[in-house]
Each structure stands twice: as structure tokens, then as C-alpha cells.
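This briefing goes through one protein model by topic. Please have the sequence and the coordinates to hand while reading.

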Amino acid sequence: VEVDPAEARREPTKPIGRVMDEATARSLAAELGWSIRETDGGWRRVVPSPQPRRIVEAPQIRRLVDEGTIVIAAGGGGTPVYRDARLGLEGVDAVIDKDRAAAVLGTNLGASALLILTNVDGVYRGFGTPAQESLRFLSVGDAETLIASGELGSGSMGPKVEAAVSFVKDGGDVAIIARLDQGLEAVQGTAGTAIRA
């Protein structure tokens, strides 16, 4: 997954790897030059999470899809790389958000729909509160308002809705966020949250 190398050098924010005690984390940070942060349950390494720009193998994936093959691609967000004028593709010490990578892949392939499956049945306003409200349909504008409000969270539903909005703004007809076991119903329009222009 190609990224902007300058963006890949930004402030590390995404926890990766195992949870460690503080002494181990600080020792590894000193030895390996890691950035670390305290998280739930201990300390973890953190790395930048640049926006995906392009799926390098999109033409090959397109050919396989056109031939009727079921393709699994950009797993875990994909391997972040940038294009160096002299060396070609070079790896970046970062992690890509899987939902954002899926949106870019869908756009690269000219897909009309993006289905993001997760552990909740859709997008909610006031999630986890007594006044929570299931949102079955959102316009891009309404979704952007929810994102800007900070209500969706930066590490949970927020990136999913951002990916959905990006996909629709880049030409997709619909992006649907639904619970894993409701994929078919979501595509049929009876489950999940559908985001359209």
C-alpha cells in the first residue's frame, strides 16, 4: 500500500505489537529507537498511521476479479511502502488502517459498494449512552458532521466512517458498515448503516 513518505514520518499514534511492562518498553525504546506509549494493560510500541494512497497490486487484483476469482487483499491494511526514485518501492515503519486500505482498494478497482464488517451492527449516535440511536442511513454530509464532532472515536468507529465517506466521495455508490454475521442482509439493505452521497 503506497503512502506519502512524509506522512509516514509524522507523530506515532497507532499501538502495535505486544503489551509490555514499562521497564521492558523503555529498554527496547532506547535500544531500537522505538516510540512507546502507555496503553490499556501496559506499554506498547507506537508507529505512524499514514493515509493509504494506492494499492500497488491493484491491476493484478483487477485482473483476478475480472476472471471471477475471489481475492483477499490488503490484509491488516497492507504493507506500507513509498516509491523512491532510485531504489523503487521501499518499506516504511508504519501501519495502515485496514478500513482505509479497503476504501482505497475499492476505489482503485472501480467498485460500486464497500462493505465494512465489524463487531457492532452499525453506526450509532450517542453509542453506549441511554440515548443511543441507531443510524441506518447517512449522507456523506451527515457522516462528516459526526466525524467532526468526535463522537465516533478515533480508534473505533471513526476510521470506519471516514473510510466509508472517502469511498463514496471518490465515486462509490454506497458504503455499508454492519456486523460480521449480517453481511448478506447489509448488502440487501436490511441491516447496517448505509452511507451515500
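The model is predicted. The protein has 197 residues, of which 39% count as buried, and its secondary structure comes to six helices and 11 strands.

**Overall dimensions and packing**

- Taken along the principal axes, the box that holds the C-alpha atoms is roughly 55 × 50 × 30 Å.
- The protein has an accessible surface of about 11100 Å², and carbon and sulfur atoms account for 50% of this surface.

**The largest pocket**

- Rolling a probe the size of a water molecule over the atoms shows where empty space is left.
- The space in the largest pocket is about 560 Å³.
- The lining of the largest pocket is made up of 23 residues, and the closest to the centre are Ala73, Ala102, Leu105, Leu114 and Leu115.
- Four elements each supply at least two residues of this lining: helix H2 (58–66), helix H3 (98–109), strand E6 (113–118) and helix H5 (153–169).
- H3 gives the largest share of the lining, with six residues.
- By residue class, the lining holds 16 nonpolar, four polar and three charged residues.

**Lysine 160**

- Lysine 160 is part of helix H5, which is one of the elements that supply at least two residues of the pocket lining.
- The relative accessible area of lysine 160 is 9%, which is under 20%, so this residue counts as buried.
- Beyond its neighbours within four places in sequence, lysine 160 is in contact with Asp99, Ile116, Thr118 and Ile177.

**The loop between H2 and E4**

- Alanine 74 lies in the loop between H2 and strand E4 (81–84), and valine 71 is also found in the loop between H2 and E4.
- Most residues other than glycine have a negative phi, and most peptide bonds are trans.
- Alanine 74 has a positive phi, near 60 degrees, and is a residue other than glycine.
- Not counting residues up to four places away in sequence, valine 71 touches Ile61, Leu64 and Val65.
- From C-alpha to C-alpha, valine 71 and alanine 191 are 24 Å apart in space, and they are 120 residues apart in sequence.

**Tyrosine 82**

- Tyrosine 82 is a residue of strand E4.
- With a relative accessible area of 19%, under the 20% limit, tyrosine 82 is therefore classed as buried.
- Leaving aside neighbours within four places in sequence, the contacts of tyrosine 82 are with Glu2, Val3, Pro5, Gly88, Leu89, Glu90, Gly91 and Val92.
- Tyrosine 82 and serine 27 are 55 residues apart along the chain, and their C-alpha atoms are separated by 30 Å.

**The aromatic pair**

- A pair of aromatic rings is described by the distance of the centres and the angle of the planes.
- The count of aromatic pairs in the protein comes to one.
- The ring centres of tyrosine 124 and phenylalanine 127 are 5.5 Å apart and the ring planes are at 55 degrees, so the pair is tilted.
- What is the relative accessibility of tyrosine 124? The value is 15%, and tyrosine 124 counts as buried.
- Phenylalanine 127, in turn, has a relative accessible area of 53%, which is over 50%, so this residue is exposed.

Terms used: Residues are numbered from 1 along each chain as its sequence is written. This is a predicted model: local features need pLDDT of at least 70, side-chain atom pairs count only at pLDDT 80 or more; totals for chains, interfaces and linings use all residues. Side-chain values use heavy atoms; hydrogens and water are left out. On a 1 Å grid over the protein atoms alone, a cavity is a set of points where a 1.4 Å probe fits but cannot get out, and a pocket is an open set with protein on both sides within 12 Å along at least five of seven lines; lining residues have an atom within 4 Å of a point. Grid points are joined across faces, edges and corners, and a volume is the space filled by probe spheres set on the points. Ala, Val, Leu, Ile, Met, Phe, Trp, Tyr, Cys and Pro count as nonpolar, Asp, Glu, Lys and Arg as charged, and the others, Gly among them, as polar. Buried means under 20% relative accessible area, exposed over 50%, partly exposed in between (1.4 Å probe, protein chains only). Accessible areas come from the Shrake-Rupley method with a 1.4 Å probe; for residues, only the protein chains shown count as cover. Rings of Phe, Tyr and Trp (its six-membered ring) pair if their centres lie within 6.5 Å; planes under 30 degrees apart count as stacked, over 60 as edge-to-face and the rest as tilted. Contact means heavy atoms within 4.5 Å.
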